[in-house]
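Visitor: I have a structure open and some time to go through it. Can we take it piece by piece?

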Amino acid sequence: MSETTGASYAAAGVDIEAGDRAVELMKEWVKKTRRAEVAGLGGLGGFAGLFDASALKRYERPLLASATDGVGTKVDLARKMGVYDTIGHDLVGMVVDDLVVCGAEPLFMTDYICVGKVHPERVAAIVKGIAEGCVLAGCALVGGETAEHPGLLGPDDFDVAGAGTGVVEADHLLGPERIRKGDAVIAMASSGLHSNGYSLVRHVVFDRAGWELDRQVEEFGRTLGEELLEPTKIYSLDCLALTRTTEVHGFSHVTGGGLANNLARVIPDGLHARVDRSTWTPGAVFDLVGKAGQVEQLELEKTLNMGVGMIAIVPAESVDVALTTLADRGVESWVAGEITERGEHTSGAELVGGYAR
């Protein structure tokens, strides 16, 4: 009679010991994100992250803001290049810069990492990037989850998602109701593609152009892969600095859908944001995607950020202080347009003219 062996979690493809090692490796990075409100309140490995809400007593009427996001198919490039410590910057940027649009200060984040097989060092590298992003955003990483899905994902496949919580004083809440005719539209430069439109980008550079990630691209001064993995710029602390130094009526985070569509989301009925393309030159990567894929300009503009990652809308008299504040913080910015009355045939926002060359 043959001897049989009972089923086990390990036999099904889940390595609990590898998961425990991943937690140990990531602890040092999570510690770097601690704010005073989470110090001494448990630690990584608990069932829930803790945040001392008594810190909100200084607010007259605190409004909590929440946001969640991922980084899309950019994770496939990280996998192919074997570079895992930058994708977390993208995740944090996608979440916290949605929060700051309403004027909220990011307080804390949680993450979710789904893998086909737990490689402890790889998971720790991903969390390292998330933690570094949280430091740049001024928020704490209070917890997360690593899930192993053998049979559903390949051994090297993974995806990431995150959720964040922020707070804003009710009287300081930003939104369409604050925006006025004559306000200036200030553009803040992106660091590249950020984390949107990669399905189009991958189709163009791999399927149509047939390029490899290690291809040296003269216009980039580096390889194609290095350019495509450039982390998303995180603007939250820069935006909050603006609200402290001058009057701000609104922000718009330029993500999926492009500049005009995202800007239109914060423009009230009756008003119109007119953005002049001639005020900036999109980076080389946008030109490359357009030419290599024969992508029409309007298609590019509704998919990619075209060099603008965040918009601030301020009164005309606040422009000089706003630009100086951003320059002092190392953020490239410029006046890109203005708020006007909406005409019969105009939408919430539009791009006009041609790009500077």
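This is a predicted model: local features need pLDDT of at least 70, side-chain atom pairs count only at pLDDT 80 or more; totals for chains, interfaces and linings use all residues.

Visitor: Where does Gly354 lie?
Guide: In the segment after E12. Helices (H or I, at least four residues) and strands (E, at least two) are DSSP runs, numbered from the N terminus.

Visitor: What is Gly354 in contact with, beyond its sequence neighbours?
Guide: Leaving aside neighbours within four places, Gly354 is in contact with Arg277 and Ser278; contact means heavy atoms within 4.5 Å. Ser278 is 76 residues away along the chain, yet the two C-alpha atoms are separated by 5.4 Å.

Visitor: Now Lys74. Buried or exposed?
Guide: Lys74 counts as buried because its relative accessible area is 0%. Its place is in helix H2, residues 74-81.

Visitor: Which residues does Lys74 touch?
Guide: Not counting residues up to four places away in sequence, Lys74 touches several, among them Asp90, His194, Tyr198 and Glu230.

Visitor: Back to E12. What is the strand order in its sheet?
Guide: The order is E8-E10-E5-E11-E9-E12, an open sheet of six strands with mixed pairing. Two strands pair if DSSP finds at least two bridges between them. E8 (250-253) and E12 (349-352) are the edge strands, each pairing on one side only. From one strand to the next the twist averages 25 degrees.

Visitor: How many bridges join E5 to E11?
Guide: Five, between residues 184-189 and 333-341, and the two strands run antiparallel. Ala187 has Trp334 as its bridge partner in E11.

Visitor: Which helix packs on that sheet?
Guide: Helix H7, residues 236-245, which touches E5, E8 and E10 (308-314). Its direction makes about 170 degrees with that of E8; axes are lines fitted to C-alpha atoms, for helices over the stretch in contact, and angles run from 0 to 180 degrees between N-to-C directions.

Visitor: And E2 with E3, parallel or antiparallel?
Guide: Parallel, over eight bridges, with E2 at residues 105-115 and E3 at 140-148. Val115 stands opposite Glu148 in E3.

Definitions and conventions. Residues are numbered from 1 along each chain as its sequence is written. Side-chain values use heavy atoms; hydrogens and water are left out. Buried means under 20% relative accessible area, exposed over 50%, partly exposed in between (1.4 Å probe, protein chains only).
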